[in-house]
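Trainee: Hi, I'm new to this one. Could you walk me through it?
Mentor: Happy to, let's bring it up.

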Amino acid sequence: MHELAICQALMEQVERIASEEQADQVLTIHLAIGPLSGVEPRLLEQAFYVARAGSIAANAELVTESMPVQVSCNQCGQLSDALPSRLVCGHCGDWRTRLVSGDEMNLLHIELVRQTSEDTAGAQDSFAPARRSYNS
Amino acid sequence: MCDTCGCNVTPGNAHLVQAGGRLSKTENGHEAIDVLHGLLDANDHTAAHNREHFNKHGVLAINLMSSPGAGKTSLLEATIDALKDELAMAVIEGDLETENDAGRIRAHGVPAIQITTGSACHLDAHMVHDALHQLDLQKLDIVFIENVGNLVCPASFDLGQHRNITLLSVPEGDDKPAKYPVMFRTADLVLLSKSDLLPVLDDFNPENARRYLRELASSAPVFELSAKNADGMDAWIHWLLAELAELEHRCGRLAAEPA
């Protein structure tokens, strides 16, 4: 169950980016995961609901794009779909192929809300009282 | 994986990367920040640092992976006995609990650093980095990293090794490469260990194991070997020495190149 370790690494990246972007909240985290990455998206999602607690992404949604397994054949040069356990060329059957998709384990992008997103002082001001009243 | 040159963008995921630069708005007006980093960037960064450290000292780093009980420690004991007169070796041992394996290695006169991972099912680059601080690489030729016995999790973590070795022991069955493709795809060499059991466990066909491995598009060599009766040890030792010679050649050449 290394998904928890991977999820912790994900949360560190998300928190760092959110802080750099001065975000107030992270809404969505988009990942691309291929079956040959060794990460099980369902387990990653379960780990995410634990790891997000108390963070800037506490209410964030995790959206995982499952990537297809595709190989490019070194012999006939064609592209074909493949199974994770059988990466042979779908056209000529040769085993000497190169994986072009299927081992991704990437953070693609995150959606966030930040108080300066309107780029006006007014927007910042309108946020500020709400915060004060929340604290009082 | 690389953060800067875009090599994370594969033909498979290119369509997912949003157009419009680093900052763009989503349909509902929220800000979307394009990232496209590997989830394990921090680990990969430390792994690269470890590898640089090994290269600087011309030390060959070998990551041994397998199921629990496939014979990693026995292989290391036999390897140490075969090479200890000509090479200086050390072992980093990864286990959930106990110093048993480190104790077995130390009994052969070689330093062993035990990493006990607790509940973690794999070693990562940070753990290996910490262990390296306890070794004097200046005095070593080869560092073996014996990963936690597990055919799943260790495959996802680069440690900074030069080569991955995956052991497949005869009692496990010859179709393991098809069942654990992520692990066997990472292997630079596959050792069919406990080959002394082949006459008894005749449902294990080494040719099947090779075929399943080729079907993963892997050209890694496959050696049959028994640490118990020393059959096949020569080919393994020869492979190891060739890898060490190649590393020394590469690092020597790197050092000679102007900065």
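Mentor: One term before we start: pLDDT is the predictor's confidence in each residue, from 0 to 100. This is a predicted model, where local features need pLDDT of at least 70 and side-chain atom pairs count only at pLDDT 80 or more, while totals for chains, interfaces and linings use all residues. Residues are numbered from 1 along each chain as its sequence is written, and chains are lettered from A and ligands numbered from 1 in the order in which they are written.

Trainee: Thanks! What is the mean pLDDT of chain A?
Mentor: The mean is 86, and 84% of the residues of chain A reach 70 or more. Over residues 119-136 of chain A, though, the pLDDT is below 50. Beyond near neighbours in sequence, that stretch has five contacts in the model, a contact being two residues whose C-beta atoms, placed from the backbone, lie within 7 Å.

Trainee: How many residues of chain A are in contact with chain B?
Mentor: 45 residues of chain A are in contact with 39 residues of chain B. Strand 6 (105-113) of chain A is one of the elements that supply at least two residues to that side, and its share, nine residues, is the largest. Helices (H or I, at least four residues) and strands (E, at least two) are DSSP runs, numbered from the N terminus.

Trainee: What does strand 6 of chain A pair with?
Mentor: Six bridges join strand 6 of chain A to strand 2 (residues 31-38) of chain B, and the two run antiparallel. Strands pair if DSSP finds at least two bridges between them. Among the partners, A:Asn106 bridges to B:Gly38.

Trainee: New topic: is A:Ser66 buried or exposed, and why?
Mentor: A:Ser66 counts as exposed because it has 12 C-beta neighbours inside 10 Å. The cut-offs are 20 or more other C-beta atoms within 10 Å for buried, 12 or fewer for exposed, and partly exposed in between, with C-beta atoms placed from the backbone.

Trainee: Where is A:Ser66 found?
Mentor: A:Ser66 lies in strand 2 (residues 61-66) of chain A. Leaving aside neighbours within four places in sequence, A:Ser66 is in contact with A:Ile33 and A:Pro41. A:Pro41 is 25 residues away in sequence and 8.2 Å away in space, C-alpha to C-alpha.

Trainee: And which residues is B:Phe144 in contact with?
Mentor: Setting aside neighbours within four places in sequence, the contacts of B:Phe144 are B:Ile62, B:Leu64, B:Leu76, B:Met89 and B:Val91.
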